[in-house]
Amino acid sequence: MAHASYSPSRIRGLSVRDIRFPTSLESDGSDAIHPDPDYSCAYVVVYTDTTIKGYGLSFTIGRGNELVVAAVKSLSNVVVGKTLRYIFDDFARTWRALTSESQMRWVGPEKGVIHLAVAAITNALWDLWARIEHKPLWKLLVDMEPEKLVSTIDFRYIEDVLTKEEAIQMLKEMQPGKEKREERMLTRGYPAYTTAAGWLGYPEKKIERLLNGFMSEGWRHFKIKVGQDLEDDKRRCQIVRKLIGDERTLMVDANQKWGVNQAIDWMKELAPFKPLWIEEPTSPDDVLGHAAVAKALRPLGIGVATGEMCHNRVIFKQLLQTQAIDYCQIDACRLGGVNEVLAVYLMARKFEVPVCPHAGGVGLCEMVQHLQMWDYVSVTGTTKNRMIEYVGHLEQHFKNPKRINRCHYIAPRVPGYSVEMWEKSLQDYEYPYGPVWKELFKEGRYRDPERSPPPWVEHRLSGDIVCR
């Protein structure tokens, strides 16, 4: 690889923008916990001392996106001014510096808003590295020597289940046949399933119309949202199962709605509809709770899937250790970017648990395709029991969006991580001053945060207390 000498040579700046799309107006993305999501992202650009830039993001669903933007700004000093040699010759060191900044880690550590900000920055750095090498990210990862790839991972807290030496050996064992597997990704692609017909806020007729449309295109795997009302879930599952038939696959997703016992009881009621898995049945932090649900549902042929809200590699380690999940769902932004995602893939390989990434949102489909294709080529060599989630929302805003052919993701050929957005989209949807948002505020469809701020108390240095 060309990483021994870099041109450009230094990070000279970093920008971050608050980008939001009013998807709640059509109930796109709605589920049992999040009825009104506005798909959003903290959009990062890393600038170098040449014209080459790196693009990254972290996904949120509206309010709170400004917190991630603020955290990115606070962490930017960790990378701005650093040489690319310093960053990429020991990427794990830079990742640890971002996650262990001595004061910022207090409001983490390695979780929540801070970790989303870390993901946005590191994703942009990986995009930059791939562009420098003139490769799509999946190909950059595939072409790395095992030792080099493993050197990008911080093994702190997970060495009790996976050592660097074990990870290197896994990758070396998969070297034979890589070229053939690469060709398959470029031609046939990676199998996908869709959630686009299953949002909880969609009326019955819309679900039927969308399902019929997807089936006419050849789709065979469908996921719907559940968890708000048991009788309504039964009705919707019955509608979907009747439409797709027994030969197609149904998955259900509760988005953390239930307690442990409630999840078990609820899913026993939905068992006749033969769901492949229940996704996020309970709190994402409840490892033992997931284990209890998984143990109770396996005799019914229902697996447990989770991961989109798992804070970090440590939670995944415990989920894998306790046999709490049957399907591992990494998220490209909830974890701390590519570095940490690679660690989870390798742990899942050791525990023989298939990875089926969480996608949709803003740019998640574009990112996870790279990760899953690397997993196929370099880690597992199989797509058995594995799929990538697909939702087509907002893909028109990306310069190089995902490509789907015959219900498969086709491997990207354009250098980078596929998340660079059109400048017009960024301008139109920047919050709150983009023209799309200004028009929505004018129409009264959203509250203008500048004209109608919520009440809060301000303590001034003079000792005055001002209520706004």
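Me: Where is R131 found?
Reply: R131 is in helix α4. Keep in mind that this is a predicted model.

Me: Why is R131 called partly exposed?
Reply: The relative accessible area of R131 is 21%. Buried would mean under 20%, and exposed would mean over 50%. The 21% of R131 falls in between, so R131 is partly exposed.

Me: Which residues is R131 in contact with, leaving aside its neighbours within four places in sequence?
Reply: R131 is in contact with I52, K53 and Y55, and also with P415, G416 and E420. As for F91, it sits 40 residues from R131 along the chain, and the C-alpha atoms of the two are separated by 16 Å.

Me: What makes H34 buried?
Reply: H34 has a relative accessible area of 18%. The cut-off for buried is under 20%, so at 18% H34 counts as buried. You'll find H34 in the loop between β1 (11-20) and β2 (40-48). Apart from its neighbours within four places in sequence, H34 is in contact with G29, I61, Q256 and M309.

Me: And F88, how do you know that it counts as buried?
Reply: The relative accessibility of F88 is 1%. F88 belongs to helix α2 (residues 84-88).

Me: What does F88 touch, not counting residues up to four places away in sequence?
Reply: F88 touches Y6, L125, L128, W129, I132 and K148. R184 is 96 residues from F88 in sequence, and the two are 29 Å apart in space, C-alpha to C-alpha.

Me: Which residues of α8 and α15 meet?
Reply: On the α8 side there are K178, R181, E182, R184 and M185, and these meet M373, Y376, V377 and S378 of α15. The residues of this contact divide into 4 nonpolar, 1 polar and 4 charged.

Me: How do helix α1 and helix α4 pack?
Reply: Helix α1 (residues 65-75) and helix α4 (residues 112-132) pack at an angle of about 65 degrees, with axes 8 Å apart. The crossing of α1 and α4 is right-handed. From α1, the contact takes in L67, V68, A71, V72 and L75, while α4 brings V113, I114, L116, A117, V118, A120 and I121.

Me: How do the residues of the contact of α1 with α4 divide?
Reply: They come out as 12 nonpolar, with no polar and no charged residues.

Me: Are C333 and C365 buried or exposed?
Reply: C333 has a relative accessible area of 1%, and C365 also has 1%. Buried means under 20%, so C333 is buried, and so is C365.

Me: What is there to say about phi of E110?
Reply: E110 is not a glycine, yet its phi is positive, at about 55 degrees. E110 is in the loop between α3 and α4, and its relative accessible area of 6% is under 20%, so E110 is buried.

Me: And what is phi of S418 near?
Reply: Phi of S418 is near 70 degrees, again a positive value in a residue other than glycine. S418 lies in the loop between β12 (408-409) and α16. With a relative accessible area of 8%, which is under 20%, S418 is buried.

Me: Which peptide bond that ends at P109 is cis?
Reply: The bond from G108 to P109 is cis, with omega near -20 degrees. P109 lies in the loop between α3 (91-99) and α4. The bond from Y431 to P432 is cis too, with omega near 5 degrees, and P432 is in the loop between α16 (423-429) and α17 (435-443).

Note on methods: Residues numbered from 1 in each chain as written. Predicted model: local features only at pLDDT ≥ 70, side-chain atom pairs only at ≥ 80, totals over all residues. Heavy atoms only, no water. Buried < 20%, exposed > 50% of the residue type's maximum accessible area, 1.4 Å probe, protein only. Contact = heavy atoms within 4.5 Å. Helix = DSSP H or I, 4+ residues; strand = E, 2+ residues; numbered from the N terminus. Nonpolar A, V, L, I, M, F, W, Y, C, P; charged D, E, K, R; others polar. Axes fitted to C-alpha atoms, helices over the stretch in contact; angles between N-to-C directions. Left-handed = near helix turned anticlockwise from the far one by under 90°.
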